[in-house]
Amino acid sequence: MSTVETTRPPAAVSPPGRPVTKRPPSPTRSGWLFTAPFVVLYLAFLIGPALYNLVVSFFDTSLVRPGLGAFAGLDNYGDVLTDAEFWRTFGHTVWFTVLTTVPLVVISLALALLVQNFSRGRWFLRLAFFAPYVLPSAVIAIVWRYIYQDEMGGLAALVGWFGITPPSFLGDPAWAMASIALATVWWTVGFNFVLYLAALQEIPQEVHEASALDGAGPWQRIRYVIVPLLGRTTALVLLLQAIASLKVFDQIFIMTGGGPDGSTRASLNYIYDTGFTDYRVGYASAAAVLFFLFVLAVSLVWARVNRRAEDGNRP
């Protein structure tokens with residue numbers, strides 16, 4: 001009996017002396033592997049708590065009882081919208097935003113223009129203006145609380161040196177919010193300063209030379225050339241600073257605790273006190289959702305206005 005032998009094609013053999021190369025992993029798979037830790041942490045510590053907060057806002061949840069509690073529907077939202085203290089703290093938040101946003105735009109632009117004209121020591125000025133921004137908010141609040149201390153504080157001694165009776169910067173309702181805003185401006189001006197400085201370096205030198213040839217002085221160049229060219233950067237700084245100021249919490253919590261007489265109590269302080277002091281977690285969650293919707297609306301409206309302005313300036 002004859003047997004039929006089946007022949008198989010010979011396996012691919014690499015040329016002698018050349019190593020066998022493996023197929024590299026796909027870029028998509030490598031990208032997911034690199035971003036997986038961030039995605040997991042993002043879902044666990046941001047998206048997850050935000051969704052849980054939304055669910056809790058529809059229940060009568062309390063820290064003194066286990067579980068979600070009774071279903072409240074939209075009652076928590078109705079109670080928040082009719083609460084005078086919620087709107088009072090919201091007004092304090094808006095006022096703090098006004099006190100900080102405008103100076104932070106003007107001062108950071110002025111510092112960037114000043115540093116841009118320095119040929120030597122520019123690195124030191126960048127470091128000096130940006131260094132406070134990297135410090136934790138708790139450190140800034142404690143330092144400025146000692147500066148504002150009555151009679152023994154550095155600012156009180158400076159004002160008294162001119163023969164002026166210093167006010168109680170953190171104890172007087174007329175001065176407390178402005179004092180916190182001043183400390184915040186000193187702390188965060190470095191971030192906006194870096195943004196403006198980077199934008200100034202993107203302006204071609206030919207633009208400055210052409211304006212100088214046309215007879216424009218330094219102030220005219222700043223007003224009619226530099227400031228218009230920095231329009232997009234200014235819009236970005238305004239948006240970022242407004243959102244950051246609306247979310248103020250740390251400075252007020254450490255420096256005044258919302259006092260005196262609640263004159264510095266902001267929205268997030270109100271939400272914190274309601275949830276962790278009064279134990280009304282469901283009510284505080286509803287207030288947090290409403291406050292988030294307001295911040296989101298400010299962002300969307302500002303982005304839309306800025307886009308329309310850019311479209312109107314296009315030829």
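**View 1. E85, R88, R265 and D273 form a linked network of salt bridges.** A salt bridge here is a side-chain nitrogen of Lys or Arg within 4 Å of a carboxyl oxygen of Asp or Glu. This is a predicted model, in which local features need pLDDT of at least 70 and side-chain atom pairs count only at pLDDT 80 or more, while totals for chains, interfaces and linings use all residues. Residues are numbered from 1 along each chain as its sequence is written, and side-chain values use heavy atoms, with hydrogens and water left out. E85 pairs with R265, their closest N and O atoms lying 3.0 Å apart. This pair links distant parts of the chain, 180 residues apart. E85 sits in helix α3 (residues 84-116), and R265 in the loop between α11 (250-255) and α12 (267-276). Helices (H or I, at least four residues) are DSSP runs, numbered from the N terminus. R265 also meets D273 in a salt bridge, at 3.2 Å from N to O. R265 counts as buried, at 18% relative accessibility. E85 is partly exposed at 22%, and D273 is partly exposed at 22%. Buried means under 20% relative accessible area, exposed over 50%, and partly exposed in between (1.4 Å probe, protein chains only).

**View 2. D60 and R65 form a salt bridge.** Their closest N and O atoms are 3.8 Å apart. D60 is partly exposed, at 41% relative accessibility. R65 is partly exposed too, with a relative accessible area of 41%. The structure holds 4 salt bridges. Side chains of opposite charge can pair when their charged atoms come close.

**View 3. Helix α5 (residues 137-147) has buried residues S137, I140, A141 and W144.** These residues are on the same side of α5 because they cover an arc of only 95 degrees around the axis. The arc is that of the directions from the helix axis to the C-beta atoms. The buried residues of α5 pack against α7 (173-201) and α11. Contact means heavy atoms within 4.5 Å.

**View 4. N192 lies in helix α7.** N192 counts as buried, at 2% relative accessibility. Leaving aside neighbours within four places in sequence, N192 is in contact with L104, S108, V237 and Q241.

**View 5. The largest nonpolar core has 19 residues.** Such a core is a set of buried Ala, Val, Leu, Ile, Met, Phe, Trp, Tyr and Cys residues joined through side-chain atoms within 4.5 Å. Those with the most contacts inside it are A112, F193, Y196, L200, I226 and L230. The elements giving two or more residues to this core are α3 and α7. Beyond its neighbours within four places in sequence, Y196 is in contact with V105, S108, L109, A112, L230, T233, T234 and V237.

**View 6. A nonpolar patch lies on the surface.** The patch is formed by W32, F38, V39, Y42, L43, L46, I47 and L51. Together they have about 800 Å² of accessible area, computed by the Shrake-Rupley method with a 1.4 Å probe, where for residues only the protein chains shown count as cover. Patch residues have over 30% relative accessible area and no salt bridge, with nonpolar side chains (Val, Leu, Ile, Met, Phe, Trp, Tyr) joined within 5 Å and like charges within 9 Å. L43 is placed in helix α1 (residues 27-56). L43 is partly exposed, with a relative accessible area of 48%.
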